[in-house]
Amino acid sequence: MALSAGHAFAQCAPGAIGTSRHLQIDTTGGPKLGHLQYPGPELLKPGEVVLTFDDGPHRQLTPVILDILAQHCAKATFFMVGQRAMGYSDLVREVARQGHTVATHTWSHPNLKQKSPDGAVAEIELGISAIQKALGGPAAPFFRFPYLSDPQHAIAHLKRRNTAMLSIDVDSYDFRTRSPTVVIRNVMGQLKSKGRGIILFHDIQPSTAGALGALLSDLKAGGYRVVHLVPQHGQVTIADYDQRVGVPSRSIAAAGIPVRQRSAVAPAWEQRVLPVVPPPPRIAVAIPEAQNAPRPAPERPVRERPAGEDWRRDAFRGW
Ligand SMILES: [Zn+2]
C-alpha cells in the first residue's frame, strides 16, 4: 500500500489483467445503471467487467485489496460509508491516490425505504459531505443504495443532484461465505451467463480479500477486461451538510469496530488474510449533533427488506 500509483503500475504481476479503458460517465439527470435493477443502455462491451467495492473503508482489508489491485493494475470504484470514511480518512485518500474512483454509499448504511424522504436525503447528503471531508476533495457523483434499496423519493433526489445510481449485474455474495473459492465461483458462474457486468464486492469481507488475486487471474484467463468508471466532474456538496459533518459535538468510537462484529461469517478465515498488524485504534470521530442527524446504532429490526438480504443487516449490526 505504500507504493505510489506509478510505482505500483510498474510492478504489475506478470500477466496482469490491467485496466482496458476508463469509461467516463455523464451523470447529468442521474442515470440508473446496472441491469439487476435498471433496464437501460448497455455501457459495457462483451467481456467487460467493472469492479466495485462497497461498505469500506476497512482498516485491515481495504489495504489488502488495494495491494492486489495494484499488482494486477486494475482500477475499481469504492462506494464508501460516510461514517467509516470519517474514521479512516487516510484510507479514503489512499484509495484515491492509487487512481481508484471514490463514490458514496450514505452516511450510516440504513435501508432508505425505511426512512422518511427527508431522512433519506440527510443520509445521502451527509455521506457525500463526509466523504468529501475525508478525501479532501470531491467524490465522484456516483451513488449506490445500501441493500440496493431504492425508494422513489431518493431516486428523484439523486436525479436532481445529477448523481448516477449504480446498481449491479453480478453479485459475488462475498457476505455469505468465508471461502474465497466460493466467491470466485459465484463471480465466474454469473459472468459465464451474462458475459459482462458491474460486479459487487465488499472491501469489509475477508472472502473477497482472499479471492481477489486469483479471481483477477481467472478473469484475465477467461478473456475478460476491466473497465474503470470515472466521472466527468466531482460531486458538488451542499453547504448545510458540509457544516453538519464538520461540527465537532460528541465523539464516538465507531470506525474501530472489529469486522467480526459486522460480518455475517466467522472471523477465523479473516486471520489468514490479514497482515500482521496491531489491532486498530478506536478512532474517535465527530458526528453531527443535530436532532435529526443519523445515529450509528441501527439496532432496531429491519423490516420489509428484500428476500435473501438478511445478512446485510447482520453485517452492520453493532454500528
Ligand atoms: Zn452496502
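Which residue stands opposite Phe 79 in E5? Ala 103 does. Before going further, note that this is a predicted model, where local features need pLDDT of at least 70, side-chain atom pairs count only at pLDDT 80 or more, and totals for chains, interfaces and linings use all residues. Residues are numbered from 1 along each chain as its sequence is written.

Let's start at strand E4, residues 77–80 (strands here are DSSP runs of at least two residues and helices, H or I, of at least four, numbered from the N terminus). In a regular strand the side chains alternate between the two faces of the sheet.

Four bridges join E4 to strand E5, residues 101–104, and the two run parallel; strands pair if DSSP finds at least two bridges between them. Strand E3, residues 48–54, also pairs with E4 in the parallel sense, over three bridges, and Thr 52 has Thr 77 as its bridge partner in E4. To get from E3 to E4, the chain goes through helix H2, residues 61–71, in a right-handed β-α-β crossover (clockwise from the first strand over the helix to the second, with the strands pointing away from the viewer).

Elsewhere, Arg 176 sits in the loop between strand E8 (170–171) and helix H7 (180–194). Arg 176 counts as partly exposed because it has 17 C-beta neighbours inside 10 Å.

Terms used: Buried ≥ 20, exposed ≤ 12 C-beta atoms within 10 Å, placed from the backbone.
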